[in-house]
There are 2 protein chains.
Amino acid sequence: MRDYEFDRDHAVTPTADHTYRTAVSDRWTAIGGVPNGGHLLALCLRSLSAELPQPDPVAVSAHFLRPATPGPAVVETELVRSGRRFATGEARLRQGDKEIVRVLASYGDLGAAGGPSELLGGPPELPAPEDCVDPLNGRGIPGVSISERVGIRLATVPGWITGTPGKDPRMELWARFTDGREPDTWALAAFVDFLPPVVFDLGATGSSTIELSVHVRRRPAPGWLACVASTRFVQDGLHEEDFEIWDSTGNLVAQSRQLALLPA
Amino acid sequence: MRDYEFDRDHAVTPTADHTYRTAVSDRWTAIGGVPNGGHLLALCLRSLSAELPQPDPVAVSAHFLRPATPGPAVVETELVRSGRRFATGEARLRQGDKEIVRVLASYGDLGAAGGPSELLGGPPELPAPEDCVDPLNGRGIPGVSISERVGIRLATVPGWITGTPGKDPRMELWARFTDGREPDTWALAAFVDFLPPVVFDLGATGSSTIELSVHVRRRPAPGWLACVASTRFVQDGLHEEDFEIWDSTGNLVAQSRQLALLPA
């Protein structure tokens with residue numbers, strides 16, 4: 001089995017008492033060299049997956065308490081409840097004596113899912129990935145190592161990337177891991193936080209997540225992920241960002257919302 | 001000071017060790033006589049408010065583990081982190097030896113809020129409350145006691161209320177406490193879960209919340225609250241519901257999303 005970056009950089013080692021030893025990587029950093037929140041979430045969920053009797057993270061809530069720094073970390077887990085259909089756990093990622101992020105997650109089995117479906121919307125209307133633009137021309141952004149791990153394709157390049165914010169805080173794009181790792185429900189839960197915030201197109205120079213909640217809606221098919229990121233309300237320096245992911249076969253696979261703070 | 005129902009039914013009494021004694025009420029029940037999730041959340045937040053050094057619940061995540069039953073309950077709290085701008089806490093509502101709901105909440109001071117604002121949307125376009133319809137004609141729905149506590153006004157009555165689901169899972173309406181209690185940030189966090197799910201208009205007969213996250217965006221002005229509830233994606237029996245609340249002066253005051261499960 002190929003050694004993909006996402007799997008290697010989110011390995012965790014059990015120690016005593018439902019606790020896992022791991023490391024925050026410098027290979028998933030956002031602007032400013034700060035480890036990306038999705039990376040931290042993936043470490044927490046990797047640990048919880050080893051503790052919970054259900055396979056798929058279905059509803060995940062993360063509260064970000066402090067910025068992380070690359071280096072050793074510990075994830076403490078707790079089984080909160082194991083029910084017939086869902087199992088809920090909690091994870092706390094610590095570095096030294098500081099808690100960095102706390103996560104509540106309810107897992108279920110999306111492979112066994114049934115019940116009614118009625119969708120009042122569909123995937124974004126994007127040209128095929130090969131007909132889209134790679135705004136980074138196959139290179140990463142210097143100092144933003146996550147941009148080397150996650151590739152994107154857009155119909156048109158957003159204004160902020162070329163230096164002129166277009167005042168359109170909505171982005172539709174294809175995305176996938178650059179090394180070809182296919183998505184799964186674990187990766188989707190982190191992927192919703194892997195892209196630059198769309199408030200950059202309003203001229204923002206950064207954004208710190210306070211809370212992120214993810215709903216994984218279905219197991220994804222292999223291939224590119226069609227994503228829609230949007231912010232409607234910036235108010236008093238706080239903004240939400242909504243994120244939708246559709247798989248290559250046109251199924252809705254994840255939805256998220258986060259509340260984030262603009263730099264003072 | 002007048003003794004409003006919301007305050008009386010969400011009183012909590014400190015006992016030892018950051019724990020509060022309280023009761024799940026039979027006065028805030030949804031269809032089936034099940035205590036409403038917003039009611040449980042309000043009990044948790046009332047307890048956390050007594051523990052955290054910041055005044056307003058800004059980002060709140062709740063995972064619902066089991067249905068509650070009217071009767072005694074205990075809320076255990078934990079101060080997770082107290083920072084300069086936000087303080088984060090956790091609350092666990094228990095009945096007997098069963099944990100019913102677990103909540104993570106980050107509090108801040110929305111009275112001191114500043115920073116840029118840019119809104120790409122506004123409140124719903126509703127006729128004035130006095131020109132709207134009260135679908136319940138001033139009465140509650142038998143067996144649904146929360147309908148006696150929360151009054152609503154709509155431009156037109158949704159099909160499901162008159163027995164013919166209109167296949168339109170979106171509702172714009174005015175809402176407020178029937179006894180005249182004015183909204184505050186604590187009440188808003190619960191209010192997002194106080195109304196019947198809009199999937200009723202798709203013919204659903206119930207809906208159980210798995211996870212609810214609320215972002216309180218501003219302190220509300222007195223008066224009616226303009227609300228927008230919508231579901232876009234029912235898939236395999238799971239659906240999200242988004243909820244927005246605007247105050248009587250036209251400010252966005254709360255936003256929420258929940259993931260819920262239709263009856264099998």
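Predicted model: local features only at pLDDT ≥ 70, side-chain atom pairs only at ≥ 80, totals over all residues.
Residues are numbered from 1 along each chain as its sequence is written, and chains are lettered from A and ligands numbered from 1 in the order in which they are written.

**View 1. A:Leu225 and its surroundings in chain A.** A:Leu225 is found in strand 11 (residues 225-230) of chain A. It counts as buried because 25 C-beta neighbours lie inside 10 Å; a residue is buried if 20 or more other C-beta atoms lie within 10 Å of its own, exposed if 12 or fewer, and partly exposed in between, with C-beta atoms placed from the backbone. Leaving aside neighbours within four places in sequence, A:Leu225 is in contact with A:Trp174, A:Ala175, A:Arg176, A:Pro183, A:Phe191, A:Pro220, A:Ile245 and A:Asp247, where contact requires that the C-beta atoms, placed from the backbone, lie within 7 Å. The C-alpha atom of A:Leu225 is separated by 9.2 Å from that of A:Val253, although the two residues are 28 residues apart along the chain.

View 2. Strand 9 (residues 170-177) of chain B runs antiparallel to strand 11 (residues 225-230) of chain B, and six bridges join them; two strands are said to pair if DSSP finds at least two bridges between them. Within this pair, B:Ala175 has B:Leu225 as its bridge partner in strand 11 of chain B. Strand 11 of chain B also pairs in the antiparallel sense with strand 13 (residues 238-246) of chain B, over five bridges. Here B:Cys227 stands opposite B:Ile245, and B:Ala229 stands opposite B:Phe243.

View 3. Is strand 13 of chain B largely enclosed or exposed? Eight of its nine residues are buried, so strand 13 of chain B is largely enclosed by the rest of the structure. Strand 12 of chain B pairs with strand 13 of chain B in the antiparallel sense over two bridges, and B:Gln235 stands opposite B:Leu238. The hairpin of these two strands has two residues between the strands, and in it B:Asp236 takes a positive phi near 55°. Strand 13 of chain B and strand 14 (residues 252-261) of chain B pair in the antiparallel sense over nine bridges, with B:Glu241 opposite B:Gln258. In their hairpin, which has five residues between the strands, B:Gly250 takes a positive phi near 90°.

**View 4. The contact between chain A and chain B.** The contact takes 43 residues from chain A and 42 residues from chain B. By class, the side of chain A that touches chain B has 19 nonpolar, 13 polar and 11 charged residues; Ala, Val, Leu, Ile, Met, Phe, Trp, Tyr, Cys and Pro count as nonpolar, Asp, Glu, Lys and Arg as charged, and the others, Gly among them, as polar. Because 98% of the interface residues of chain A are also interface residues in chain B, the copies meet through the same surface. Strand 7 of chain A and strand 12 (residues 233-235) of chain B pair in the antiparallel sense over two bridges, and the bridge partner of A:Glu118 in strand 12 of chain B is B:Val234.

**View 5. The axis that relates the two copies.**

**View 6. A:His18 in its loop.** A:His18 is found in the loop between strand 1 (13-14) and strand 2 (19-24) of chain A. Phi of A:His18 is near 60°, a positive value in a residue other than glycine. A:His18 is partly exposed, with 17 other C-beta atoms within 10 Å.

Technical notes:
Helix = DSSP H or I, 4+ residues; strand = E, 2+ residues; numbered from the N terminus. Contact = placed C-beta atoms within 7 Å.
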